[in-house]
Amino acid sequence: MQIQQITLRRTPEGQPTEADFALGTAELPAAEGGQARVRVIALSLDPYLRSAMAGRHLSAAIHPGDVVRGEGLVEVLESRHPRLQNGTRWVAACGWRSHAVLDAAAIEAARPVVAEVQPATLALGVLGMPGLTAWAGFTQLAHAKAGDTFVVSAASGPVGATVGQLARLAGCRVIGIAGGPEKCAWSTGVAGFDDCIDYQTKDRAEDRAEDLRAALRRHAPGGVDVYFDNVGGDTLLAVCEQLAPGARIVLCGLMAQYNGAAPVPLNPGLIIRARATVRGLVVYDHWAHFDAMVTEIGAHIRAGRLHWREDIAHGLAAAPAAFARLMAGRNQGKALVVL
Ligand SMILES: NC(=O)c1ccc[n+]([C@@H]2O[C@H](COP(=O)([O-])OP(=O)(O)OC[C@H]3O[C@@H](n4cnc5c(N)ncnc54)[C@H](OP(=O)(O)O)[C@@H]3O)[C@@H](O)[C@H]2O)c1
């Protein structure tokens, strides 16, 4: 069977571009014992892939010539493994391909799709790995309580929007930080955040930095009790300058660094002065909570209490451009490719 696949042509330098990837075809072998052949319905595009392409991620590196790794929503065409039945849908490590043969390890790690909450692509976003990241950060690490001022960056993406809404539902005052008026309008108007700071209003970086600090002082005059950081860089520094006593910081992501920018040095005095707690979050540590996350967030979605949005590209060939958009911060919601 001839399939389409996308390989990494070269390691991106800085911001990834379409030219870093190559679309090609390959012959897909039949499934052997313990394997399953699947059709890919939708691919998840995730920022960690950029780190893997640079060889800096906890998971294995993606080298030039490799089929790009990644999870997708798949339908089983031919199973020779007892866990997967033909015709069922799963989230599995299929890579950027139209069809894949999953080996036993990928099958053991695959997750069934929750049928009660639609669309099924939510299993890649708010009911998938990004949802677990938000849920685990909130319930296990943030120690947020009603009345806290809770700040989250990349506020309209699947991780940021979900953790911000969990905080809102727990009675926190939620302030998002997002790039552009459209993302901020969604965060306050749909996700129900109390405020959202658009850090991109000014042209010059110095003016943007000053604006962000002024906005944080205005929106959080009593200080920030919890900061859920998806970006690092100067945004992390700016929020640390405005921490409340006893603040909790959950370090989740490094969007400001993934494309190669140098880390911004953080003054430890800011943490000491606030008696703050800093926790690093790795979603892989929290898989045991996956079902609890799906039950809780699924109930919020069904009741209309928790909102999400998807940024969908169509066709496997569109994956490189969609990934470049994600890594430039131009996505509006969970980045997906529907095949
Ligand atoms: N620790 C873990 O285990 C774990 C697991 C999953 C995800 N994460 C991290 O969580 C973060 C959010 O993931 P997500 O899937 O929800 O992504 P996402 O929010 O859909 O996309 C990333 C967003 O980052 C923002 N951003 C801020 N500074 C940026 C910059 N310099 N360049 C490009 N974008 C920038 C952009 O939003 P604005 O324009 O609004 O700033 C962009 O839309 C990522 O850092 C990701 O790596 C961590």
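Predicted model: local features only at pLDDT ≥ 70, side-chain atom pairs only at ≥ 80, totals over all residues.

Me: OK. How many helices and strands are there in the chain?
Reply: The chain holds 10 helices and 15 strands.

Me: And how far does the C-alpha trace span along its principal axes?
Reply: About 60 × 40 × 35 Å. The radius of gyration is 20 Å, which agrees with the value near 20 Å that a compact globule of 339 residues would have.

Me: What share of the residues is buried?
Reply: Buried residues are 48% of the 339 in the chain. As for contacts between residues at least 6 apart in sequence, 66% of them join residues at least 24 apart.

Me: How is the chain divided into domains?
Reply: Domain 1 takes in 2-125 + 311-338, and domain 2 covers 129-284. Their C-alpha centres are 29 Å apart.

Me: How many residues are in contact between domain 1 and domain 2?
Reply: On the domain 1 side there are 13, and they are in contact with 14 residues of domain 2. The domain 1 side of that contact is made up of 3 nonpolar, 7 polar and 3 charged residues.

Me: Switching to the ligand. Which residues are closest to it?
Reply: The closest are G157, V159, G179, G253 and G329, in a shell of 30 residues around the ligand. The elements that give two or more residues to this shell are α3 (129-142), α4 (158-169) and α10 (319-327).

Me: Which of the elements gives the most to the shell?
Reply: That is α4, with 3 residues.

Me: What is the shell like, in terms of nonpolar, polar and charged residues?
Reply: It divides into 19 nonpolar, 9 polar and 2 charged. Domain 1 and domain 2 each supply at least three residues of the shell.

Me: Now the inside. How many residues are in the largest nonpolar core?
Reply: It has 109 residues, and V38, L45, A92, V151, A319 and V337 have the most contacts inside it. Helix α3 gives the most to this core, with 8 residues.

Me: Where does this core lie relative to domain 1 and domain 2?
Reply: Both domains give residues to this core, so it lies between them.

Me: You listed A92. Which residues is A92 in contact with, leaving aside its neighbours within four places?
Reply: V38, E71, G72, V74, L102, A106 and A110. V38 is also on the list of core residues with the most contacts.

Me: What about R97, where is that?
Reply: R97 is in the loop between β5 (89-93) and β6 (99-102). It counts as buried, because it has 24 C-beta neighbours inside 10 Å.

Me: So which residues is R97 in contact with, other than neighbours within four places in sequence?
Reply: I3, Q4, Q5, V40 and V67. The C-alpha atoms of R97 and L23 are separated by 9.5 Å, though the two are 74 residues apart along the chain.

Me: Last topic, the backbone. What should I expect as a rule?
Reply: Most residues other than glycine have a negative phi, and most peptide bonds are trans.

Me: Which peptide bond is cis here?
Reply: The one from Q118 to P119, with omega near 0°. P119 is in the loop between β7 (111-112) and α3.

Me: And what is phi like at A154?
Reply: It is near 45°, a positive value in a residue that is not glycine. A154 lies in the loop between β8 (149-153) and α4. With 27 other C-beta atoms within 10 Å, A154 is buried.

Me: How about R275, what is its phi?
Reply: R275 has a positive phi of about 50°, and it is not a glycine either. R275 is in the loop between α8 (268-273) and β13 (277-280).

Me: Is R275 buried or exposed?
Reply: R275 counts as exposed, because it has 11 C-beta neighbours inside 10 Å.

Note on methods:
Residues numbered from 1 in each chain as written. Domains from an automatic or database assignment. Contact = placed C-beta atoms within 7 Å. Nonpolar A, V, L, I, M, F, W, Y, C, P; charged D, E, K, R; others polar. Near = placed C-beta within 6 Å. Helix = DSSP H or I, 4+ residues; strand = E, 2+ residues; numbered from the N terminus. Core = buried A, V, L, I, M, F, W, Y, C linked by C-beta atoms within 7 Å. Buried ≥ 20, exposed ≤ 12 C-beta atoms within 10 Å, placed from the backbone. Rg over C-alpha atoms; globule rule 2.2 N^0.38 Å.
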